[in-house]
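Reader: I am new to this structure and would like to learn how to read it. Could you take me through some of its features?

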Amino acid sequence: MSTSSASSAFLTATSLSFAWPDGTPVFDDLDIAFGPGRTGLIGANGSGKSTLLKLLAGQLSPADGTVKAAGEIGHLPQNVTLDTTLRVDQALGIAARRAALHAIEAGDPAEEHFETLGDDWDVEERALATLGELGLGHIGLDRTVGEVSGGESVLLRLAALLLRRPDVLLLDEPTNNLDLYARRRLYAAVASWPGVLVVVSHDRELLDIVDQIAELRTGEVAWFGGNFSAYEEALAVEQEAAERMVRVAEADLRRQKRELADAQVKLARRKRYGQKMWDNKREPKIIMGERKRQAQVSAGKHRIMHEERLAEARERLDEAVEAVRDDDEIRVDLPYTAVPPGRQVLTLERLTMAYGARVDGLFDLRGPERIALVGRNGAGKTTLLRTIAGQLPPTAGEATAHVPLRFLPQRLDVLDDELTVAENVARFAPEATNNRIRARLARFLFRGARADQRAGTLSGGERFRAALAALMLAEPAPQLLLLDEPTNNLDIASVRQLTSALESYEGALIVASHDLPFLESVGITRWLLMEEGELKETTAATLGGRA
């Protein structure tokens, strides 16, 4: 992709409509346009972000409307699957050109080799350079995809796109399965992208290197200039103004109600006065009848005017309330989770675990410490959490929890899909009454009928909230909470809700995550790095500089 083609690239969708086979509408007459630069596409889980990318990439057909692009479109889907038997050069899409190059270099002058290669004489060097930029220089071009990790396969798919040099690049949650080091490589690739780039993500660091934010909400798009931090500032100002408008509209509605009541009192007085005059027959009957008729007409007009004003005031209040976002935060009081300072919570002693991970010597967790467990994919973080939780037996040494603990795995498989949210919580707190469970679930934003939803019907964010509620409301109350990659697949509002829930939690916490902004937001007091199967102390500053 040349500089000139990058500056002229664009992607537009006009009058786009789409619904699922069951008739559920996703978009109706949507117009959206992307020019050169990096756009962060955000929105709640289920708002249609991935669907929109698939429509733009031509993987889904709209019911109505058109998609136009200047140049080629490259799309990195959320769930990357590559044939594990492919060689790396095949996955990159350069195998034929590379074979032609090798044949020519070996002295084979067949014309088809030159036709296959075209002008791409540096294909191999470009491929190796691209792999190197993404931290994949060690895998080479002749290994098979089955030999690389899940995170590396995401980067490999991205490398294939970068080698194609599309004019438009669409990325769907590209950092979901990447460790901290791989994320740094991806951030650099995004920051240097010269054409049109649209990225769906909940990763704050990634969204802070975009040029603009497009927010998808109720089938419409709102645009915000600048990165995600600028978006949050603009949104805070917008919401403050919206809340002010609600207060003004509420005051106006109260005034209109008072005026209507005052008008009704005045009309009732006039009616009583008119009736008194009629009863006393102080004027001729024909005059009194005309006055009565005029009074009734005037009263009717007066009442209608005030009722219309009241209806208008109600409408203004509804509009003002609609502009205020309902992004509730979880606020829970969990006194029984509190751990006194200095109280022994967890001991790991000369621990050797499955797959070769280990903790040398003695490791102690005391008091309400908040520990971040970081490291590359495959380093042994999940193995350590599962061993502490008692799901995996150690091969040597001991892992001893001195307080009640709960473990929330990545798969969120603590929930029974056939049971309701309330029934799932009841499994973890069998002594609690139904009323008590529902009162506490309301604080996790499952109010009324929402607590009766089957777990299998919940959205990703709701499912996470329900699993978190089940563990945090368990009896006995957990004084040690283990979380494994809790922000994976959560939208930004759900991450905010998780953060507010953990602010209320007073016990000890061990959380494995690659999401540094999230870790810093939950008040981590100690950083542990799992590297080459060994647990080591580290710092946030050290991690921020590693790539």
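Author: What follows is a short talk about salt bridges, a helix and a charged patch. This is a predicted model, in which local features need pLDDT of at least 70 and side-chain atom pairs count only at pLDDT 80 or more, while totals for chains, interfaces and linings use all residues. Residues are numbered from 1 along each chain as its sequence is written, and side-chain values use heavy atoms, with hydrogens and water left out.

Reader: How many salt bridges does a search of the whole structure find?

Author: A salt bridge is a side-chain nitrogen of Lys or Arg within 4 Å of a carboxyl oxygen of Asp or Glu. Searching the whole structure gives 25 of them. One joins Asp120 to Arg97, with their closest N and O atoms 2.5 Å apart. This pair links distant parts of the chain, 23 residues apart: Asp120 is in the loop between helix H5 (111-117) and helix H6 (123-133), and Arg97 is in helix H4 (residues 95-105). Helices here are DSSP runs (H or I, at least four residues), as are strands (E, at least two), numbered from the N terminus.

Reader: Is Asp120 buried or exposed?

Author: Buried means under 20% relative accessible area, exposed over 50%, and partly exposed in between (1.4 Å probe, protein chains only). Asp120 has 13% relative accessibility, so it counts as buried. Arg97, at 23%, is partly exposed.

Reader: Which residue forms a salt bridge with Glu124?

Author: That is Arg98, with the closest N and O atoms 2.6 Å apart. Glu124 sits in helix H6 and Arg98 in helix H4, 26 residues apart. Because its relative accessible area is 9%, Arg98 is buried.

Reader: What can I look at in helix H8?

Author: Start with its cover: nine of the 12 residues of H8 are buried, among them Leu180, Tyr187 and Arg184. The side chain of Arg184 meets that of Glu205 in a salt bridge (3.3 Å, N to O). Glu205 lies in helix H9 (residues 204-207) and Arg184 in helix H8, so the pair ties together parts 21 residues apart in sequence.

Reader: Which residues form the negative surface patch?

Author: A patch is made of residues with over 30% relative accessible area and no salt bridge, like charges being joined within 9 Å and nonpolar side chains (Val, Leu, Ile, Met, Phe, Trp, Tyr) within 5 Å. Asp and Glu count as negative, Lys and Arg as positive, and His and the chain ends are not counted. Here Asp28, Asp29, Asp31 and Asp64 form the negative patch. Strand S2 (residues 25-34) gives the most to it, with three residues, while Asp64 is in strand S4 (residues 64-69).

Note on methods. Areas by Shrake-Rupley, 256 points an atom, 1.4 Å probe, with all protein chains shown as cover. Charge placed at Lys NZ, Arg CZ, Asp CG, Glu CD.
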